[in-house]
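Student: I would like to learn how to read a few features of a structure, beginning with a pair of aromatic rings. Could you take me through them one at a time?

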Protein chains: 2
Amino acid sequence: MNHDDVRRELDARMKELAVVRSTAGVLGWDEQTHLPPAGTAWRAEQSAYLQRLAHDKSTDARFGELIEYQVQHAPSGSAEAAEARELKRSFERAKKLPGALVEELARLEVLSQSAWVEARKKSAWLDFAPWLERMIELKRRVADCYGYEKHPYDALIEDYEPGATLASLKPVFEALREPLAKLVQKAADSGRRPPQLAGPFPIDRQEAFGTLAAKTIGFDFNAGRLDVSVHPFCTGLSAGDTRITTRYRLDDLSDALFGVLHEVGHALYEQGLPKAAHPGSPLADSISLGIHESQSRMWENLVGRSAAFWQYFTPIAREHFSSLKDVKESDILFAVNEVSPGFIRVESDEVTYNLHILMRFELETQLLDGSLKISDVPAAWDARVKKYLGLTVPDAARGCLQDIHWSAGLVGYFPTYTLGNLYAAQFYEQARKDLGDLDAMYARGEFAPLLGWLRDRIHQHGSRYTATDLVKRVTGRPLDPAPLLKHLNERVEAFYG
Amino acid sequence: MNHDDVRRELDARMKELAVVRSTAGVLGWDEQTHLPPAGTAWRAEQSAYLQRLAHDKSTDARFGELIEYQVQHAPSGSAEAAEARELKRSFERAKKLPGALVEELARLEVLSQSAWVEARKKSAWLDFAPWLERMIELKRRVADCYGYEKHPYDALIEDYEPGATLASLKPVFEALREPLAKLVQKAADSGRRPPQLAGPFPIDRQEAFGTLAAKTIGFDFNAGRLDVSVHPFCTGLSAGDTRITTRYRLDDLSDALFGVLHEVGHALYEQGLPKAAHPGSPLADSISLGIHESQSRMWENLVGRSAAFWQYFTPIAREHFSSLKDVKESDILFAVNEVSPGFIRVESDEVTYNLHILMRFELETQLLDGSLKISDVPAAWDARVKKYLGLTVPDAARGCLQDIHWSAGLVGYFPTYTLGNLYAAQFYEQARKDLGDLDAMYARGEFAPLLGWLRDRIHQHGSRYTATDLVKRVTGRPLDPAPLLKHLNERVEAFYG
């Protein structure tokens, strides 16, 4: 083997994998946005076939040899060495899973998501329970295949946030729990409540406004699109094809708009990864979902709920919605910064959001180790909503059926949302130091400086640095809950102080 | 080998091929309906990969052995024997094409369609010419690989209408040319013109009306959908997933509506094929594009332009479009039956339609044998429009750039439209004999009897009978231009006599 041959063959194999995986991605996007109900069974076959194909290609012995060659020969500290490090990590994990299990899981994910959509519509927990039972069963088998030292959850979270474990996450949530509860209490005790933004907000106007906001902060519609789905998501299919979704309600502006801003945050990361230069390489892939989520949460919250953002967007919103014509800018700003416990995670405010995550994190670890039975999920869910948010869940649709994740096999994914909030606040603090008066820029509709900074510091590097290293590289210190707590304190103080 | 093992392995291999091909189908649908412009290059890679994979699987030596076993052992006259016959035909043809050529062609089809969309928008022939040049070059190579006795066109049309040749098609068109020209003349000489249906026809109302019409004639939206594309099409992705598209113009109702009726005709065939019972088998596949087109043209023209159809749908149309409130039913009927030469094939009336096909048929045979140069296409096109339709083409968008086919590699496809018209008229004559007063049924909104008859006589058989045999089986005699000419004479007589 010589370097050039290895490079060529490795590039070809990575590209092939990217072709197969991105095709599975198109199927997944289609499944959530357009697939007719009767097409689900066949879609499960297609998805299982492609996931199996990708698995076979990604565990091929020759692929392993090429990776090992790179691990041995790539110059220490080089991009090639980082690529080899990540390839090896993925290869070794993939080798631990039997192809048949990968295939079965892919099939189950399609069927189970479809069952979830129907069950959620009818708020019928019992229609979904058998699917969750089967999913948890398979996820336990996956964890057993991967292996773990302390808890099966550790084996799963590695797929989303490499290096994180149940033990490393617990103190992170512990550091947040009490301060967040106090902030919620402070908002409640203040007795202040923002005026509700009354609709109607016609769907086509919401779509136009969301599209304009997405464009303004930097989403490239020539290389992407915005559609509708039951649960908003972003999928980066190729260098020139990143798609986001949201969902609309005639009586509410925030749900769809902040959904768009959130997914655009993900999409800007996807559109900023060097996919055209390194198709299929870890160098063109996000390093972790926590880092991915830092991008979505930053644009949604730190930018999208800021006073400066609404200084620029209030007149535009008024042009789109006649019902906002006479609403004061400060009232709109307060309305989108209301801190008030609610049932739905994706509609929740910045403060209570992490409490939603905490309860999911607790429940899914228990589901995995068997200390929580499937049949007890609704009761356990409702009890935690009572405990953390002080609310009584009215039905499963607004309770344990609200999220797509478990139906899609995403067990161990939730903590990355809170990690994302933490990363986001710490990155943003640094961006403010580096870029100066961001608010003055936003007030003029200028979001390119922030995006350029994110491209330079984070996006372009793909998986070159681990999440832990990246945070240190960008901010000069390890992950720290202080910036997030400081930010949330300031926000709450601004509106409820 | 024993029968059960062969059956099992053959079924598995056919299903695998169906999975791969239907996945390519999803990519194709997405390409024409949703793909962002910058996603084209990667889509070409995905499509090339899947087409190559399907080609490799479909030419696998073991697959050939299984097919040969079935050819030898399936009882004569059985469904299994018919399946083996069609499998063998496809296998032997596929074996003649090098995988690299299949891959290159698939890549070119994506890139070239995208170039066509842009060129058509700008009416810029020169932007598309190099793509057509390359496509014809590759199509000649395909014809050379397949081999042919008399003309390269024969090798290509076999993909769309097995058994047809240039020599067999020429007399068919010859039999139509003069009688059709006379009918066009008769309409012109009568001096009669229908009142134009004045809009506006709001797009959302058109969509609602088209959806209702599609449902009413039998399209199952639980197993399908209706979207928008530059060029209307239908794609049958699986037993539960058949998708159609149309395109809307605010000032015109007919274009979108008859587009829907046409594509629903295709879709009813797709939804009626036994795909769930025989996934990937020729028994669940259409026998030829001529037969496929007979279904679309029947619902579009024989049903959709009939007086009885509009007896039922006129009040519904009036509910949807305020601009039709005071238009007489007979005027609507005349408007949708106007015979008048125009530039655009898909908007043309039933009589001139086949003249549009004739000129494309003549041009593409000449392109293939080299007697027409790419650079001469616009002039040759315009000359034929002058000759057959008496019109002067104003620009390439309304001339040689109007159709998607050549950009999509569909060379040899056009004649199947006219074959479809011929098959349709002959089938429909038989349906009238078998079912009695169809018009009375339509007037009551009952279209199920016709659909049931088509399911029973045509759809359920897939490729069991060749197109030639199917026509004889259903109508008791070989294909004959008389029913189409009789139908067109009656239509013209009714409005212009």
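Tutor: Let us begin with two residues of this predicted model: Phe334(B) is buried, and Tyr496(B) is buried as well.

Student: How is a pair of aromatic rings described?

Tutor: In general, one gives the distance between the centres of the rings together with the angle between their planes. Over all chains the count comes to 45 aromatic pairs, and one of them is formed by Phe334(B) and Tyr496(B), with 5.4 Å from centre to centre and 70° between the planes. This pair is edge-to-face, because an angle over 60 degrees is counted in that way.

Student: Which parts of chain B does the pair of Phe334(B) and Tyr496(B) tie together?

Tutor: Phe334(B) belongs to helix 13 (residues 329-335) and Tyr496(B) to helix 20 (residues 482-496) of chain B, so the pair ties together parts that lie 162 residues apart in sequence.

Student: Which residues do ring pairs link into a cluster in chain A?

Tutor: Ring pairs join a set of residues into a cluster there, among them Phe201(A), Phe209(A), Trp310(A), Tyr312(A) and Phe447(A).

Student: Is His266(B) buried or exposed, and which side chain does it join through a polar contact?

Tutor: His266(B), which lies in helix 10 (residues 254-272) of chain B, has a relative accessible area of 8% and is therefore buried, since the cut-off for that term is under 20%. Its side chain is joined to that of His292(B) by a polar contact of 2.9 Å, and, leaving aside neighbours within four places in sequence, His266(B) is also in contact with Cys234(B), Glu293(B) and Ser296(B).

Student: Where does His459(B) lie, and what does it touch?

Tutor: His459(B) is found in the loop between helix 18 (448-457) and helix 19 (467-475) of chain B, and it is buried, with a relative accessible area of 0%. Not counting residues up to four places away in sequence, His459(B) touches several residues, including Leu268(B), Tyr269(B), Pro274(B), Gln295(B) and Leu454(B).

Student: What relates two copies of a chain?

Tutor: In general, the relation consists of a rotation about an axis and a shift along that axis. Here a rotation of 180° with 0.0 Å of shift along its axis superposes chain B on chain A, with an RMSD of 0.0 Å, which is the relation of a two-fold axis. Of the interface residues of chain B, 100% are also interface residues in chain A, so the copies meet through the same surface.

Conventions. Residues numbered from 1 in each chain as written. Chains lettered and ligands numbered in written order. Predicted model: local features only at pLDDT ≥ 70, side-chain atom pairs only at ≥ 80, totals over all residues. Heavy atoms only, no water. Helix = DSSP H or I, 4+ residues; strand = E, 2+ residues; numbered from the N terminus. Buried < 20%, exposed > 50% of the residue type's maximum accessible area, 1.4 Å probe, protein only. Contact = heavy atoms within 4.5 Å. Least-squares fit on C-alpha atoms with pLDDT ≥ 70 in both. Phe/Tyr/Trp six-rings, centres within 6.5 Å; stacked < 30°, edge-to-face > 60°. Polar contact = N/O pair within 3.5 Å; in protein donor to acceptor, adjacent residues only side chain to side chain.
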